[in-house]
Amino acid sequence: MSASPAEREELSQILTAAGHGDQGAFTELYRRTSSKLFGVCLRMLRDRGEAEDVLQEIYTTVWRRAESFDPARASAITWLVTLGRNKAIDRLRQHREAPVAAPSIALDLVDGQPTPAANAERSQERQRLERCLDALEPRHKAAVRAAFFSGATYNELAAHCSVPLATMKSWIRRSLIRLRTCLES
Amino acid sequence: MNTPTDHDRDDLRYAEYVLGVLDAEARAAVEREVRDDPQAAAAVALWQRHLLPLSEDIPAVAPADYVWARLQSELGLTRDIPTPAPTRRRLWDNLPLWRWLGIGASVLAAACLVMLFTAPRPAPTAISAGYMVSSIQQDNGVAGWTATMDIQHARMVVVPATPAAIASNRSPELWLIPPGGKPMALGVIARDKPTTVRLRPDLLANLSAKALLAVSVEPLGGSPTGQPTGPVVAKGAISGT
């Protein structure tokens, strides 16, 4: 997502061509994006086999044009990561009897403070989002990050943070409203 | 009729959907709205632009080679994953070589069939002979092994063609990859002589023209995890005879 505008444009064309049955473009799309998407799937599912299954679903969807990519609405990588997150969350929700393992949320609650060097590599959008996240209460920011990276439900997040469900909902909803105001200002 | 409060409440729900905190039912409701209502779709897309930059924090992790092999098999793709090396490209595009290899692999497969037919065996109980073959091609396009599966006797004979050199402290291991499934271990195979593999019922059940055979490079004696841990060096589709 920190790619140059030219690279974004190129990836957008590759994704469009891949969705129209161009095998060369599809192969190139996989080469350029599979590691990023696999990282996202692995982070949410915490299981290599499940992450591989979801990765396969993502590219199968792209190839069969089950969902159409609109370059005017999102960048190619945003669209692909969104597709991947949605498929990963669907899979998480299927295992109702086995909610997201607590360690996964715990990890998301503590990690993620990037080094200054890593911060410099972030896209403008990412840096702006970070400024808005920094304006939140630290534990609210941690809850938003944990929610995003784990794909956990309100119930799971509340249970893990040992706060009532209503409290967790209020933390995240207030954070989202503040983020919107900050990002759209 | 939508009041401003409804609008705010919907927008918050779309934000929660993008963040990923909604349960399955609430997610399905948002997805229906996105399909049916352009305003909902635009609001969700805006939240995606707002929140998705967070995913930049997630490190990229290269998936195993067999994931691409599975995709190729499922989607019926003929292209291999491209590498920029120009020499390989030329070899890849060499049609006469491909034809020659194809014939070579078929001859080998036929030889395996003869071997199986001439081996002493009890009178056939099934009407169908039930053989399947696979030419397991390496990345350079050369057949590494040829596998012939004798369904009736639940065994597979894997004959080396011209397998590329592998470090002496590594073993080539054969895998059956069902469409959309995880690789199933068929065991370590020899590089210099035929290997006979017993096909357990769970393996037999997954043998089909949609499945794939693949060879990965593993520590001596085979993968310690039951799943491929090293690079895939050869793969081939399965066909009936």
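1. Contact range in chain A. Among contacts in chain A between residues at least 6 apart in sequence, 69% link residues at least 24 apart. This comes from a predicted model. Buried residues account for 40% of the 185 residues in chain A.

2. Make-up of chain A. Chain A holds 10 helices and 0 strands. Its pattern along the sequence reads α-α-α-α-α-α-α-α-α-α.

3. Confidence. Chain A has a mean pLDDT of 85. In chain A, 84% of the residues reach 70 or more. Which elements of chain A have the lowest and the highest mean pLDDT? The lowest, 51, belongs to helix 5 (residues 102-110) of chain A. The highest, 96, belongs to helix 10 (residues 165-183) of chain A. Where pLDDT is low, the predicted coordinates should not be read in detail.

4. Helix 4 of chain A. This helix covers residues 76-94. Its 19 residues should span 27 Å at 1.5 Å a residue, and the end C-alpha atoms are 27 Å apart, so the two values agree. Helix 4 of chain A is also mostly covered, with 15 of its 19 residues buried.

5. Helix 8 against helix 10 in chain A. How do the two axes cross, and within what distance do they come? The axes of helix 8 (residues 138-150) of chain A and helix 10 of chain A come within 9 Å and cross at roughly 90°. Angles of 65 to 115 degrees count as roughly perpendicular, and the two helices are therefore roughly perpendicular to each other. From helix 8 of chain A, the contact uses H140(A), A143(A), V144(A) and A147(A). From helix 10 of chain A, it uses M168(A), W171(A), I172(A), R174(A) and S175(A). By class, the residues of this contact are 6 nonpolar, 2 polar and 1 charged. An α-helix has 3.6 residues a turn, so residues three or four places apart point the same way.

6. Positive phi at R46(A). The phi of R46(A) is near 55°, a positive value in a residue other than glycine. Most residues other than glycine have a negative phi. R46(A) sits in the loop between helix 2 (23-45) and helix 3 (48-64) of chain A. Buried, exposed or partly exposed? R46(A) has 16 other C-beta atoms within 10 Å, so it is partly exposed.

7. Positive phi at S162(A). S162(A) is not a glycine either, yet its phi is positive, at about 55°. Its place is the loop between helix 9 (154-161) and helix 10 of chain A. S162(A) counts as exposed because it has 7 C-beta neighbours inside 10 Å, and the cut-off for exposed is 12 or fewer.

8. The interface. Here 37 residues of chain B are in contact with 50 residues of chain A. On the chain B side, the elements that give two or more residues are helix 1 (4-19), helix 3 (38-51) and helix 4 (65-75) of chain B. Helix 4 of chain B supplies the largest share, 6 residues. The side of chain B that touches chain A divides into 23 nonpolar, 6 polar and 8 charged residues.

9. Helix 3 of chain B. This helix has 14 residues. It reaches 20 Å from its first C-alpha to its last, close to the 20 Å expected at 1.5 Å a residue. Which of its residues are buried? They are A40(B), A43(B), V44(B), A45(B), W47(B), Q48(B), H50(B) and L51(B). Helix 3 of chain B is also one of the elements on the side that touches chain A.

Technical notes. Residues numbered from 1 in each chain as written. Chains lettered and ligands numbered in written order. Predicted model: local features only at pLDDT ≥ 70, side-chain atom pairs only at ≥ 80, totals over all residues. Contact = placed C-beta atoms within 7 Å. Helix = DSSP H or I, 4+ residues; strand = E, 2+ residues; numbered from the N terminus. Nonpolar A, V, L, I, M, F, W, Y, C, P; charged D, E, K, R; others polar. Expected span 1.5 Å × (residues − 1). Buried ≥ 20, exposed ≤ 12 C-beta atoms within 10 Å, placed from the backbone. pLDDT = per-residue confidence, 0-100. Axes fitted to C-alpha atoms, helices over the stretch in contact; angles between N-to-C directions. Parallel < 35°, antiparallel > 145°, perpendicular 65-115°, else oblique.
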